[in-house]
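Here is a short tour for anyone opening this structure for the first time.

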Amino acid sequence: MNRRTWLLTSAVIGLGLASLSAPAQAQDTIKIGEMNSYKNFAAFLEPYKKGWELAVEQANAAGGVMGKKIEIVSRDDNGNPGDAVRIAEELVTREKVSFLIGTFPSNVGLAVASFAKEKKVLFIAAEPLTDKIVWDQGNKYTYRLRASTYMQTAMLVPEAAKLKKKRWAIVYPNYEYGQSATAAFKQLIKAAQPDVEFVVEQAPPLGRIEAGAVADAIAAAKPDAIFSSLFGPDLAKFVREGQTRDLFKNVSVFNLLAGEPEYLDPLKDEAPVGWWVTGYPWYAINTPEHKAFADAYQKKFNDYPRLGSIVGYATVQSAVAVLKKANTLDMEKLVAAMKGLTHSTPLGNITYRPQDNQSTMGAYVGKIGLKDGKGVMTDWYYADGAKFLPSDADVAKMRPAE
C-alpha cells in the first residue's frame with residue numbers, strides 16, 4: 001500500500017469511527033435517559049409513565065426542540081441503588097443519552113445523584129423526596145423537581161402547631177425517605193412548639209410493616225397526636241389495624257402523602273376521616289393549567305390523573321424547558337441553564353432555585369373526608385413550595401461547596 005492509498009484508507013476509517021461515536025446532536029432525536037422502580041412502586045409509577053408519555057407527545061407535536069424530536073429511553077431500576085447506577089452508566093455510555101431523569105425511592109435517587117456528580121452529567125430527580133439530594137449531598141449536576149420531605153412537613157407543621165398537642169407518636173418506613181421526614185418533623189414542630197414530647201417511635205421496614213404490633217405500641221404510649229410518613233400498602237395496613245383498635249379516636253393524625261390518589265383511593269370507605277395530609281385533589285382543581293392537563297390526560301388514557309401523572313409530566317416539561325433555554329446539548333451549558341430555570345406545570349409556574357437546585361413545586365394540604373364511599377381531600381389549599389424552603393444562609397451551611 002503506497003502512502004496516498006494509506007492516507008485515503010485512514011481517512012475513510014476515521015470518518016466511520018467518528019460516525020459511531022457521534023454525539024446526540026447529530027441524531028434525528030434528542031435522547032433522554034429515564035429510570036424508575038416501575039415494578040416496585042407501580043401504584044405511583046404507572047401514572048407517572050403516562051404523564052411523561054403525554055408530555056413527550058405534546059412536545060413533539062409542537063415541533064420538538066432544536067428541530068429534533070424528544071425520545072425517552074426508559075429502564076426499570078428495580079428499586080435498587082446498585083442496579084440504578086449500572087443502568088445510568090449504560091444509558092450514558094451505550095445509549096448516548098443527553099442527560100438523565102427519574103427515580104423514585106430516596107436511596108436510589110441519592111445513588112444516581114452521586115453518579116451524576118462523578119460523571120458530570122445532568123440529572124433531574126423526579127420524585128425522591130430526601131432532603132439530602134439537594135442539601136447535605138447536593139451537587140451541581142443534580143436538580144430535584146418534587147417538594148421534599150422538609151417542604152411537605154413544613155406545610156403540615158403550622159396546622160399541627162395550631163392544635164397544641166403535646167405528646168406525639170411518630171411512625172415511618174425505615175429508609176432514607178422516612179428518616180428524613182421524621183428528622184424534619186422533629187426539628188420543625190419543636191421550633192413551633194418547644195414543649196412537645198415524642199413519646200414513641202415506630203420504624204417498620206418498608207413494605208414489611210407488622211401493623212397490629214405497631215398500632216399496639218403507639219396506643220400503649222397514649223399520644224395526643226401522630227405524625228406518619230407511611231405510604232402505599234404499609235399505610236393501608238396501618239389505617240385498618242389502627243381503626244380496629246380505635247387508635248385514632250380523639251388522636252390527631254398528620255400523614256405525608258396520604259392524600260395522593262395512589263394511596264387514598266385503595267382505602268375506599270376505610271379512608272381515615274379527619275387526618276391532615278398532603279395530596280392531590282385532582283377532581284376539584286380548576287386552574288387553566290391544570291384543566292388543560294387533566295383534559296388531555298383523560299382523553300389520551302381514559303383515566304383520571306394521579307399525582308404520579310403530574311410528576312412524570314412536569315419532569316419532561318423541565319427537560320424540554322432546559323433544552324430550549326440552553327439551545328445546545330453541551331453538558332455544562334445544560335447544567336448552567338438549569339440554574340433558575342422557570343417553566344409552567346399543571347400546578348403553576350415553578351423555578352429551580354440557584355442556591356440549592358430545588359424546584360419550588362408545591363403541594364396540596366388538607367384533610368381526608370368521605371364522599372360517595374371513597375376518600376377525598378377536603379378543606380384543601382395549595383401550598384407554594386417557595387414559601388417552605390430554608391433560607392439561603394441555612395442552605396449555605398448544609399450544602400457542600402461546588
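An axis here is a line fitted to C-alpha atoms, for helices over the stretch in contact, and angles run from 0 to 180 degrees between N-to-C directions. Helices (H or I, at least four residues) and strands (E, at least two) are DSSP runs, numbered from the N terminus. What you're looking at is a predicted model, where local features need pLDDT of at least 70 and side-chain atom pairs count only at pLDDT 80 or more, while totals for chains, interfaces and linings use all residues. Residues are numbered from 1 along each chain as its sequence is written, and side-chain values use heavy atoms, with hydrogens and water left out.

**Two helix pairs**

Start with helix α7 (residues 211-220) and helix α8 (residues 232-244), which pack at about 55 degrees with their axes 8 Å apart. Angles under 35 degrees count as roughly parallel, over 145 as roughly antiparallel, 65 to 115 as roughly perpendicular and the rest as oblique, so α7 and α8 are oblique to each other. Their crossing is right-handed, meaning that the near helix is turned clockwise from the far one by less than a right angle. On the α7 side, the contact (heavy atoms within 4.5 Å) uses Ala 211, Gly 212, Val 214, Ala 215 and Ile 218, and α8 brings Lys 237, Phe 238, Glu 241 and Gly 242. Sorted by type, these residues are five nonpolar, two polar and two charged. In that sorting, Ala, Val, Leu, Ile, Met, Phe, Trp, Tyr, Cys and Pro count as nonpolar, Asp, Glu, Lys and Arg as charged, and the others, Gly among them, as polar.

Next come α11 and helix α12 (residues 331-338), whose axes come within 9 Å and cross at roughly 115 degrees. That makes α11 roughly perpendicular to α12. Here Val 322, Leu 323, Lys 325 and Ala 326 of α11 meet Lys 333, Leu 334, Ala 337 and Met 338 of α12. This contact splits into six nonpolar, no polar and two charged residues.

**The core**

Which residues touch the most other members of the largest nonpolar core? They are Phe 99, Leu 100 and Phe 238, out of 134 residues. Such a core is a set of buried Ala, Val, Leu, Ile, Met, Phe, Trp, Tyr and Cys residues joined through side-chain atoms within 4.5 Å. Its largest share, 12 residues, comes from helix α11 (residues 307-326). Beyond neighbours within four places in sequence, Phe 238 has contacts including Val 171, Leu 230, Phe 248 and Trp 275.

**Buried or exposed?**

Buried means under 20% relative accessible area, exposed over 50%, and partly exposed in between (1.4 Å probe, protein chains only).

| Residue | Relative accessible area | Class |
|---|---|---|
| Gln 317 | 19% | buried |
| Asp 224 | 26% | partly exposed |
| Asn 78 | 31% | partly exposed |
| Asp 246 | 52% | exposed |

Gln 317 lies in helix α11 and, leaving aside neighbours within four places in sequence, is in contact with His 343, Ser 344, Thr 345 and Pro 346. Asp 224 belongs to the loop between α7 and β8 (225-228).

Most residues other than glycine have a negative phi. Asn 78, in the loop between β2 (69-76) and α3 (81-93), has a positive phi near 60 degrees. Phi is also positive, near 60 degrees, for Asp 246, which sits in the loop between α8 and β9 (252-259).
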